[in-house]
Amino acid sequence: MSEPTPHAPRGFAIHTAPVGLADDGRDDFTVLASTVPATVSAVFTRSRFAGPSVLLSREAAADGRAQGVVVLARNANVATGREGEANAREVRESVARTLGVPEAELLIASTGVIGRQYPMEKIRQHLKGLALPFPEGGFDRASRAIMTTDTRPKQVGVRVGGATLVGIAKGVGMMEPDMATLLTFFATDARLDPEEQDRIFRRVMDRTFNAVSIDTDTSTSDTAALFANGLAGDVDPAEFEEALHTVALALVKDIAGDGEGASKLIEVQVTGARDTAQAKRVGKAVVNSPLVKTAVHGCDPNWGRVTMAVGKCSEDTDIDQDRVRVRFGDVEVYPPRAGGADGEDALRDAVADHLRGDEVVIGVDLAIADGAFTVYGCDLTEGYVRLNSEYTT
């Protein structure tokens, strides 16, 4: 096997290839596998239309042991009935046999168009020739091969103690997470206590991938997993959690900034909430508002749309408009200032200037208690409508 790259953890091998899931000839089939036994932490969509890949992987990850994942991009294999389930099992079984691992220790993930069967003859032809060894490293290839409508690959790697952690992700639309979001996979050669690993992973997912929303739609295929093979030895759990948060947050921001048709990243920072749940709820109300999104896209300093979005949280009766504060960047826009029309014009100019940047920060302080949460999203553009109105044509 080739030497791993500087930001590639030891003992992970990757295979990518085009198998004809789409007709553009690019790689759309990926196998990411540890060369030694590994522990896994994973979370999945809660969609009631979850595909067979999610159902199989959820079962495989339940005991905390898995050595890798096979990913098929451009076809979700969702709403495909018994045939789709049988096809997913066949693909996983064949790859597991090549790897020499139990089928139950291999996850499978699919993403793309819903309601279409795999082109199994093409896939079987590729699987017949699949053979070890796979080259170590290659996370850059994997980050490209798992893409669907992404405009760029998403990969981040860091050192933590004597170990390396790398994360890859895909996704630019159909993102309103429930337990995970899109497809994202992390690999590390750190050795962690399996239960501690799982707690760390879930905490980080809640603060990062569960904090991003592009269009309020929940994917049927969302899968997030962390594989740890321990080849680099023990690491401090607190340091590892910080490193995982750094990698995951960087991926989240890249995903939000690459939302379908997006031109700007929106970050909504909610503070002063009753608790974290309320802060997250308010943040989502703002970042998911089509009127807020379009105002950001058009650099329209109509900050009233933010107060409207906060006001939609009608069941949060402890939100008092007389105490709420709203800002764009460092510019406080609410409560209103004295100064008449001239003051309002200066305020609008300052907000418009902030909106011209690639990243827009909206702050909402509820002045209730000390709950806080930050959510991430993007603007709503003509490109989003065009792409999704022509997605299968």
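About 50 Å³ of space lies in the largest cavity of this structure, a volume being the space filled by probe spheres set on grid points that are joined across faces, edges and corners. The structure is a predicted model, in which local features need pLDDT of at least 70 and side-chain atom pairs count only at pLDDT 80 or more, while totals for chains, interfaces and linings use all residues. Residues are numbered from 1 along each chain as its sequence is written, and side-chain values use heavy atoms, with hydrogens and water left out.

**The cavity**

- A search of the whole structure finds one cavity of 30 Å³ or more; a cavity is a set of points, on a 1 Å grid over the protein atoms alone, where a 1.4 Å probe fits but cannot get out.
- The lining, meaning residues with an atom within 4 Å of a point, includes V292, A295, V296, W303, F328 and I362.
- By class, the lining residues are nine nonpolar, one polar and two charged; Ala, Val, Leu, Ile, Met, Phe, Trp, Tyr, Cys and Pro count as nonpolar, Asp, Glu, Lys and Arg as charged, and the others, Gly among them, as polar.
- Helices α8 (290-297) and α9 (304-311) each supply at least two lining residues, and the largest share, three residues, comes from α8.
- Helices (H or I, at least four residues) and strands (E, at least two) are DSSP runs, numbered from the N terminus.

- In strand β9 (residues 223-228), six of six residues are buried, that is, under 20% relative accessible area with a 1.4 Å probe and protein chains only, where over 50% is exposed and anything in between is partly exposed.
- The burial covers both faces of β9, with T223, A225 and F227 on one side and A224, L226 and A228 on the other.
- Strand β3 (residues 39-44) pairs with β9 in the antiparallel sense over six bridges, whereas strand β8 (residues 183-188) pairs with β9 in the parallel sense over six bridges; pairing requires that DSSP finds at least two bridges between two strands.
- A224 in β9 has V43 opposite it and also T184.

**Residue G129**

- G129 sits in the loop between α3 (120-128) and α4 (139-145).
- Because its relative accessibility is 61%, G129 counts as exposed.
- The C-alpha atoms of G129 and T98 are separated by 9.7 Å, with the two residues 31 apart along the chain.

**Cysteines**

- The structure has zero disulfides, a disulfide being a pair of cysteine sulfur atoms within 2.5 Å.
- C299 counts as partly exposed because its relative accessibility is 23%, while C313, with a relative accessible area of 11%, is buried.

Note on methods. On a 1 Å grid over the protein atoms alone, a cavity is a set of points where a 1.4 Å probe fits but cannot get out, and a pocket is an open set with protein on both sides within 12 Å along at least five of seven lines; lining residues have an atom within 4 Å of a point.
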